[in-house]
Amino acid sequence: MKKKLLIVDDSSVSRMMIRGRVTGLQPDWEVIEAANGDQAVAMVGAEHPDYITMDVNMPGMSGFEAVEKIREIDQKTKIVILTANIQVSSRERAEQLAVHFVQKPATLAAVQLAIDYFLAAA
Amino acid sequence: MKLSALGLDALAEIFNHGVGQAGLALSELAGEEVQLSVPKIEELSKRAITDQMDARGANRVCAVRQGFSGVINTEALLMFPVDQSLQLVQLMVGNEFPLEQLSEMEQESLAEVGNILLNSVVSSVADMLHIEFEGTLPQVELGLAGDVMGAGEGLDDLILSLQINFSIASRQLQGYLVFLLDVASSEMLEKKIATFIESMA
């Protein structure tokens, strides 16, 4: 079955970069987008993505808060925090939430790291 | 802020590490090596910074502003001459996206470049001083350097200025990072630096 990736980022440029790179590496994946945490939570309920890349610093709900909300309704989706906030505290928060952490910029190498995590056996 | 020579040296070392992280992020974006100058840290007035930028013919600047709060509150500004903004956009998204798409996204691209660079520096400072910052969303502003820094208020007040020059083989870019700190935050930064120096001894 076709895998579905949800990109969550308030920056349309970042979404464009991530989408472009994912599409190049995994042309069979369906890619959908959300511009904030609220949208992301709603889309997880409606679209049931297999994978999510999640920015942290967004208007309204932060990426970490969005992950907590998502986990209330979905425990299976693999999530990668993809952020410029590379403070130790941010990495620790990702660890507490049992999600993977990849630092921006969203280069091909960074996106590949996220995909490697998604495709790794659970 | 009244930092001793040792304190200023420690601050330079902390920022140097952060700028190194920012340089790494830039080189990942550019796909080539980025040459970075050693950051020049000074306590300067907004007027002095404006004068320096004017002297370089960069009185009109493009700035990315981002607030960071925690035990220390600061407003960080990445400023660069306005004619370099398109080069930064190209650096951000590379050549794989069509030009018309780029111009539509110029502001957002600049915001994202600023977000990555400012967060690289601030995250490094946070980790080395064992503090935590919460960042606001990056805002892009265009205008005279003095106006962008809010020169109307306290033109001669001293602020912490970190000047870096960066160059990439294909592009010459020059940027200023400026951190605006209130009095309480300046005092807290002094204390944190003193603790950092003690931990090194």
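Q: How many of the 122 residues of chain A count as buried, as a percentage?
A: Buried means under 20% relative accessible area, exposed means over 50%, and partly exposed lies in between, using a 1.4 Å probe and protein chains only. For chain A, 55% of its 122 residues are buried. The model is predicted, with local features needing pLDDT of at least 70 and side-chain atom pairs counting only at pLDDT 80 or more, while totals for chains, interfaces and linings use all residues, and side-chain values use heavy atoms without hydrogens or water. Residues are numbered from 1 along each chain as its sequence is written, while chains are lettered from A and ligands numbered from 1 in the order in which they are written.

Q: What percentage of the residues in chain B is buried?
A: In chain B, buried residues account for 51% of the 201.

Q: In which order do the elements of chain A run from the N terminus on?
A: Helices (H or I, at least four residues) and strands (E, at least two) are DSSP runs numbered from the N terminus. Chain A contains 5 helices and 5 strands, and they follow the order β-α-β-α-β-α-β-α-β-α. Its radius of gyration is 13 Å, close to the 14 Å given by the globule rule for 122 residues, so chain A is as compact as a globular protein of that length. That radius is taken over C-alpha atoms, and the rule is 2.2 Å times the number of residues to the power 0.38. Along the principal axes, the C-alpha atoms of chain A fill a box of roughly 35 × 30 × 30 Å.

Q: How many helices and strands does chain B have?
A: Chain B has 7 helices and 8 strands. Its radius of gyration is 17 Å, which agrees with the value near 17 Å for a compact globule of 201 residues. The C-alpha box along the principal axes is roughly 50 × 35 × 30 Å.

Q: Among contacts in chain A between residues at least 6 apart in sequence, what percentage joins residues at least 24 apart?
A: A contact means heavy atoms within 4.5 Å. Within that set of contacts, the figure for chain A is 62%. For chain B, among contacts between residues at least 6 apart in sequence, 74% join residues at least 24 apart.

Q: What are the numbers of positive and negative side chains in chain A?
A: Lys and Arg count as positive and Asp and Glu as negative, with His and the chain ends not counted. Each charge is placed at NZ of Lys, CZ of Arg, CG of Asp or CD of Glu. Chain A has 13 positive and 16 negative side chains, with the centres of the two sets 4 Å apart. Chain B has 10 positive and 29 negative charges, and their mean positions are 8 Å apart.

Q: Is N85(A) buried or exposed?
A: N85(A) is buried, because its relative accessible area is 16%. It sits in the loop between β4 (78-83) and α4 (88-96) of chain A. Not counting residues up to four places away in sequence, N85(A) touches S90(A) and F101(A), as well as N119(B) and S123(B). A polar contact is a pair of N or O atoms within 3.5 Å; within protein, one must be able to donate a hydrogen and the other to accept it, and residues adjacent in sequence count only if both atoms are side-chain atoms. One such contact, of 3.3 Å, joins the side chains of N85(A) and Q87(A).

Q: Which residues of chain B does S12(A) touch?
A: Leaving out residues up to four places away in sequence, S12(A) touches M105(B) and E108(B). S12(A) is part of helix α1 (residues 12-25) of chain A and counts as buried because its relative accessibility is 16%.

Q: Where does Q163(B) lie?
A: Q163(B) is in strand β7 (residues 158-168) of chain B, and with a relative accessible area of 6% it is buried. Beyond its neighbours within four places in sequence, Q163(B) has contacts including S37(B), R56(B) and Y176(B).

Q: Which backbone features depart from what most residues show?
A: Most residues other than glycine have a negative phi, and most peptide bonds are trans. A98(A) has a phi near 55°, a positive value in a residue other than glycine. This residue lies in the loop between α4 and β5 of chain A, and A98(A) is exposed because its relative accessible area is 58%. H130(B), which is not a glycine, has a positive phi of about 55°. H130(B) is in the loop between α5 (106-129) and β5 (134-135) of chain B, and is exposed at 70% relative accessible area. The peptide bond joining K104(A) and P105(A) is cis, with omega about 10°. P105(A) is in the loop between β5 (100-103) and α5 (108-119) of chain A.
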